[in-house]
Amino acid sequence: MQLRYNYRLYPTPGQQRALARAFGCARVVFNDALRARQEAFEAGLPYLTDAELSARLTAAKATPERAWLGEVSSAVLQQALADLQAAYRNFFASLAGARKGPKMAPPTFRSRKDRRQSIRFTRNARFSITPGGKLRLPKIGDVPVRWSRSLPCQPSSVTVIMDAAGRYFASFVVQAATEPHVAAATVVGIDLGLRHFAVLSDGRKVASPRFLRRAENKLRRAQRALSRKQKGSANRDKARIKVARAHARVTDARRDFHHQLSTSLIRDSQAIAVEDLAVKGLARTKMARSVHDAGWSAFTAMLEYKARLYGRQFHKIGRFEPTSQMCSACGVKDGPKPLHVREWTCAGCGATHDRDVNAAVNIAKAAGLAVTACGAQVRPGPVPAQRGEAGTLPGAA
Ligand SMILES: [Zn+2]
């Protein structure tokens with residue numbers, strides 16, 4: 001499985017200029033190739049192949065107008081072409097209906113005003129990590145890195161990113177071997193919600209941590225301050241940078257929280273079940289939906305890859321059972337319940353339920369039933385681990 005490991009970079013002013021040049025060159029190569037394809041299409045000419053675009057890049061570097069492309073690593077330019085090709089592939093696959101998820105738009109031109117600038121170095125670009133722990137990038141230099149955790153093995157590529165807040169990051173791709181955790185005896189169902197970030201079938205309720213709420217409040221204040229500033233004023237520019245920084249901090253805090261929670265859930269549980277978010281209907285505004293759905297899907301994606309990495313079972317269940325209406329003790333469907341009903345007593349068996357915990361238990365049960373359908377297991381319970389698992393593990397990603 002391929003995983004990304006991200007670290008903060010602290011390039012010197014000279015390196016920042018070299019990076020800006022490389023971002024610019026990659027952008028020009030991407031845009032030139034996109035324009036060539038669009039023009040060929042409009043002229044009714046055959047689709048330009050990847051090899052043709054690569055040949056055109058080589059030819060362009062020999063012309064006076066594009067000679068400056070020689071100032072950056074050619075591997076970076078090749079990767080810009082690869083990005084365009086990937087964007088086209090996704091677009092065509094989405095047209096053909098082969099790709100899951102939302103419909104993809106055709107590739108668009110990159111701009112120097114884009115919120116995120118990036119370049120990628122693959123192995124053959126000969127990037128390396130120096131004995132002193134710096135990231136050596138061809139034609140950029142030895143860039144200082146803050147190693148917040150250690151890389152598990154040699155990376156196959158590194159993407160250097162500048163975000164909207166002007167911060168630099170290195171994102172390494174490494175091939176991670178699966179390392180099963182010691183078998184755990186528990187199965188946990190998770191109900192993701194608005195009131196609590198997650199409610200677990202064992203009754204635990206997980207709220208957003210204070211460091212995340214504080215970052216979100218700061219962002220809200222920065223956004224309000226920005227909206228009060230005169231358009232086109234110097235103060236508005238300053239406020240905009242503040243918003244971008246606050247935004248970046250919220251993103252980081254949310255990711256940290258997702259990592260902490262998913263790591264502990266995977267460590268403690270042998271099997272994990274969540275509801276498929278596509279069918280999770282909740283009363284909420286459009287704005288809240290986009291924010292929460294993004295957070296939930298990032299979190300469930302983490303659970304899924306960590307489950308694979310550490311030999312746990314991961315179940316995503318469709319809402320074929322109304323998880324908040326059904327009694328988790330006796331299975332009686334007690335009818336729909338308005339959101340303000342937090343606790344209810346089952347008319348069938350008299351059990352009293354916390355609404356969210358009951359839903360989480362039903363999610364765990366539904367995952368068990370889903371397994372039954374394949375004839376593997378009768379009900380959720382301790383599941384044998386997949387492999388011999390004596391060793392301990394490094395801190396999860
Ligand atoms: Zn009941």
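Predicted model: local features only at pLDDT ≥ 70, side-chain atom pairs only at ≥ 80, totals over all residues.
These legends go with a handful of close-up views of the structure shown above.

Residue numbers run from 1 along each chain as its sequence is written, and side-chain values use heavy atoms, with hydrogens and water left out.

**View 1. A positive patch formed with residues of helices H4 and H5.**
Ten names to look for here: Arg210, Arg213, Arg214, Lys218, Arg220, Arg221, Arg224, Arg228, Arg245 and Arg249 form a positive surface patch. Helix H4 (210–228) and helix H5 (234–268) are the elements that give two or more residues to the patch, and H4 gives the most, with eight residues. Arg245 is found in helix H5 and counts as partly exposed because its relative accessibility is 42%. On terms: patches take residues with over 30% relative accessible area and no salt bridge, joining like charges within 9 Å and nonpolar side chains (Val, Leu, Ile, Met, Phe, Trp, Tyr) within 5 Å. Lys and Arg count as positive, Asp and Glu as negative, while His and the chain ends are not counted. Each charge is placed at NZ of Lys, CZ of Arg, CG of Asp or CD of Glu. Areas are Shrake-Rupley values with a 1.4 Å probe, and for residues only the protein chains shown count as cover. Buried means under 20% relative accessible area, exposed means over 50%, and partly exposed is in between (1.4 Å probe, protein chains only). Helices (H or I, at least four residues) and strands (E, at least two) are DSSP runs, numbered from the N terminus.

**View 2. A nonpolar patch made by Tyr47, Phe92 and Leu95.**
This trio makes a nonpolar surface patch of about 320 Å². Leu95 is found in helix H3 (residues 74–95) and, at 56% relative accessibility, counts as exposed. Phe92 is partly exposed, with a relative accessible area of 37%.

**View 3. The aromatic cluster of Tyr47, Tyr88, Phe91 and Phe92.**
A pair of aromatic rings is described by the distance of the centres and the angle of the planes. Rings of Phe, Tyr and Trp (its six-membered ring) pair if their centres lie within 6.5 Å; planes under 30 degrees apart count as stacked, over 60 as edge-to-face and the rest as tilted. Tyr88 and Phe92 sit four residues apart in helix H3, which means a separation of about one helical turn. The rings of Phe91 and Phe92 have centres 5.6 Å apart and planes at 40°, so they make a tilted pair too. Tyr88 is buried at 10% relative accessible area, and Phe91 is buried at 14%.

**View 4. Two salt bridges, Asp83 with Arg120 and Asp354 with Lys205.**
A salt bridge needs a side-chain nitrogen of Lys or Arg within 4 Å of a carboxyl oxygen of Asp or Glu, and by this rule the count comes to 17. In the Asp83–Arg120 bridge the closest N and O atoms are 2.6 Å apart. That pair links distant parts of the chain, with Asp83 in helix H3 and Arg120 in strand E2 (residues 117–122), 37 residues apart. For Asp354 and Lys205, the closest N and O atoms are 2.5 Å apart. Asp354 lies in strand E15 (residues 352–354) and Lys205 in strand E11 (residues 205–206), so the bridge ties together parts that are 149 residues apart in sequence. Asp354 is partly exposed at 22% relative accessibility, and Lys205 is partly exposed at 37%.

Arg240 is partly exposed at 43% relative accessible area, as is Asp237 at 40%. Elsewhere, salt bridges that share partners join Asp163, Arg167, Asp252 and Arg255 into one network.

**View 5. Val332 in the loop between strands E13 and E14.**
Val332 lies between strand E13 (313–317) and strand E14 (343–345) and is partly exposed, with a relative accessible area of 31%. Val332 and Ala347 are 15 residues apart in sequence and 8.1 Å apart in space, C-alpha to C-alpha.
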